[in-house]
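Welcome to this short tour. Please open your viewer, show the side chains, and keep the selection tool at hand.

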Amino acid sequence: MWRRRETARWERVRAQGLRYAVEQLDRLHHTQFEFAVRDLMHRDGCADAQRVGGRGDNGADVKATDPFGRRWVIQCKHRRAGWSGKPVGTPELHVLNGTGRQVHHGDVLVMLTNGRITSNAVDFAQDQRLHLVDRHMLAEWAAGSRPLWELLRAVPAPRRRPPLS
């Protein structure tokens with residue numbers, strides 16, 4: 001019964017074409033921010049999207065499987081001050097890089113923030129095949145109807161064909 005209600009709720013969210021303005025995301029508590037990212041992944045067709053963040057999350061706040069079979073591991077860094085807040089740096093990426101594939105079995109590892117990312121972190125991410133979503137890309141993804149995998153560059157090839165709609 002619970003599963004059917006949850007499935008129906010997800011379908012209503014998806015049908016509504018869930019969208020956020022980045023300023024709305026700024027006002028959320030960091031836990032609510034993680035749930036919003038989960039909901040956006042679900043909107044884009046990741047039926048199993050789940051928020052797993054919290055103590056002991058081993059560098060993953062949201063995990064999901066896209067319609068192409070790729071496993072996504074997303075680490076969220078919510079900055080109360082948005083762009084002017086503390087930037088995400090390489091230490092946060094080290095955690096994601098160390099656990100994303102080995103512990104969480106991710107194909108696509110994403111560091112997502114409503115703020116900014118240091119240039120050292122950008123270089124490290126490129127070297128390690130990590131994907132970065134800063135405030136600008138988050139705003140585009142959250143306000144639009146394109147899935148995140150269409151906005152990122154060099155996402156791994158699909159594992160399977162998407163289901164027919």
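Here is a walk through charged pairs, stop by stop.

This is a predicted model, in which local features need pLDDT of at least 70, side-chain atom pairs count only at pLDDT 80 or more, and totals for chains, interfaces and linings use all residues. Residues are numbered from 1 along each chain as its sequence is written, and side-chain values use heavy atoms, with hydrogens and water left out.

Side chains of opposite charge can pair when their charged atoms come close. The structure holds ten salt bridges (a side-chain nitrogen of Lys or Arg within 4 Å of a carboxyl oxygen of Asp or Glu).

**First stop.** Select R135 and D26: their closest N and O atoms are 2.6 Å apart in a salt bridge. R135 belongs to helix 6 (residues 135–143) and D26 to helix 2 (residues 22–26), so this pair ties together parts 109 residues apart in sequence. Helices (H or I, at least four residues) and strands (E, at least two) are DSSP runs, numbered from the N terminus. Both R135 and D26 are buried, meaning under 20% relative accessible area, with exposed over 50% and partly exposed in between (1.4 Å probe, protein chains only).

**Next stop.** Select R71 and D48, whose salt bridge has its closest N and O atoms 3.2 Å apart. R71 sits in strand 3 (residues 71–77), while D48 lies in the loop between helix 3 (30–43) and strand 1 (50–51). R71 is buried at 16%, whereas D48 is partly exposed at 33% relative accessibility.

**Last stop.** Select E140, R146 and E150 to find a network of salt bridges linking them.
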